Amino acid sequence: MSFSNDVREEIARSITDRDRQFACLYGVLLYCRTFTEKQIVLQSESPVFARLMPTLFHSVFRTVLQPDVRTVARGGAQSMVSFTITDSGQIAQICETYHIHPEKREIRLSNLVNNSLSAFLAGVFFGCGSVMDPNKEYHLEFNTPSELLCMDLQKLLGSIGVNGGRILRKQMYVLYIKDSEHIEDTLTYMGAQQCTIELMNIKIHKDMRNKANRVRNCDEANINKVVSAAMRQTEDIRWIVKCGQLDALSPELRELAELRLENPELSLKELGELLSVPIGRSGVNHRFQKIAAIAEELRSRAAHTK
């Protein structure tokens, strides 16, 4: 099962009393794709949706809603469940009950009583919402049927501290949320607390994995830096030896040069600890700078004598 369907399963279990059922069905109806004076079509691939709609209609209107189940090809067999209402009297009753004007649908907060706003948002999610698997991406969206409904939903989410962006995609006004904390707040508000915890655990795991990768990359970079520096230092020392100038170095530089030739894999700190008079990393680096300057001068002399 998908994470999106897990969310639907959990929020469906929270739609129990009649006030929440009333508000949830309002959200589904208001944000369904097809709602005219002649036809209402409620459609989803979710099995939770298929089970919930008859329950909500029976609770609110005392009517039996029959599903039309079709199989559509979309990367394999997939059942699409539709509930189609064409009875003019039933459509008129729905419009009157929820004060919905098919030609200009908009949110009427007067339909929401006894703190049922969360159930309404759950209904909107059932009707046009989806959420990505957080293992892949943080993304929750609502494919709303009109710009007005999209703007209304954006304001409603803003009232609970959730910010979303709007885009037009395939003639649908999409309200999307990318911020993981805002997705968590939305899921929790709709009644999907366990899914919120799952998302948070996934985020913690991903953060720890990313930190481990950064540490590993940093370690690899440091190792490469040490190796590159050791190769340059060894090359300088070998040039000095080739020029017969190793014995001309001061005792402390000669000792360090010989240690480097014997221990090409050691860091500056480790080399400093092996000296007869141990010194720190910065002291070793300073001595290697002197060795590099001497090697460069010898190279310059050799170039001028050619």
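Predicted model: local features only at pLDDT ≥ 70, side-chain atom pairs only at ≥ 80, totals over all residues.

Trainee: Okay, α8 and α11: at what angle do their axes cross?
Mentor: The axes of α8 (residues 193-242) and α11 (residues 281-305) cross at roughly 50° and come within 9 Å. That angle makes α8 oblique to α11.

Trainee: Which residues make that contact?
Mentor: On the α8 side they are Q233, E235, D236, I237, W239 and I240, and α11 brings F288, I291, A292, I294, A295, L298, R299 and A302.

Trainee: And how does the contact of α8 with α11 divide by class?
Mentor: There are 10 nonpolar residues, one polar and three charged.

Trainee: What about α5 and α6, how do they cross?
Mentor: Helix α5 (residues 117-128) and helix α6 (residues 147-159) have axes that come within 12 Å and cross at roughly 135°. That makes α5 oblique to α6, and the crossing is left-handed.

Trainee: Which residues meet there?
Mentor: From α5, L117, F120, L121 and V124 meet L153, L156 and L157 of α6. By class, that contact has seven nonpolar residues, no polar and no charged.

Trainee: Switching to the cores: which residues touch the most other members of the largest one?
Mentor: That core has 63 residues, and V7, L29, L42, Y98, F120 and F142 touch the most other members.

Trainee: F120 again! What does F120 touch?
Mentor: Leaving out residues up to four places away in sequence, F120 touches A23, C24, Y26, G27, L30, Y31, I107, L112 and L156. There is also a second, separate core of 17 residues, with L249, L253, L259 and L266 among them.

Definitions and conventions. Residues numbered from 1 in each chain as written. Heavy atoms only, no water. Axes fitted to C-alpha atoms, helices over the stretch in contact; angles between N-to-C directions. Helix = DSSP H or I, 4+ residues; strand = E, 2+ residues; numbered from the N terminus. Parallel < 35°, antiparallel > 145°, perpendicular 65-115°, else oblique. Contact = heavy atoms within 4.5 Å. Nonpolar A, V, L, I, M, F, W, Y, C, P; charged D, E, K, R; others polar. Core = buried A, V, L, I, M, F, W, Y, C linked by side-chain atoms within 4.5 Å. Buried < 20%, exposed > 50% of the residue type's maximum accessible area, 1.4 Å probe, protein only. Left-handed = near helix turned anticlockwise from the far one by under 90°.
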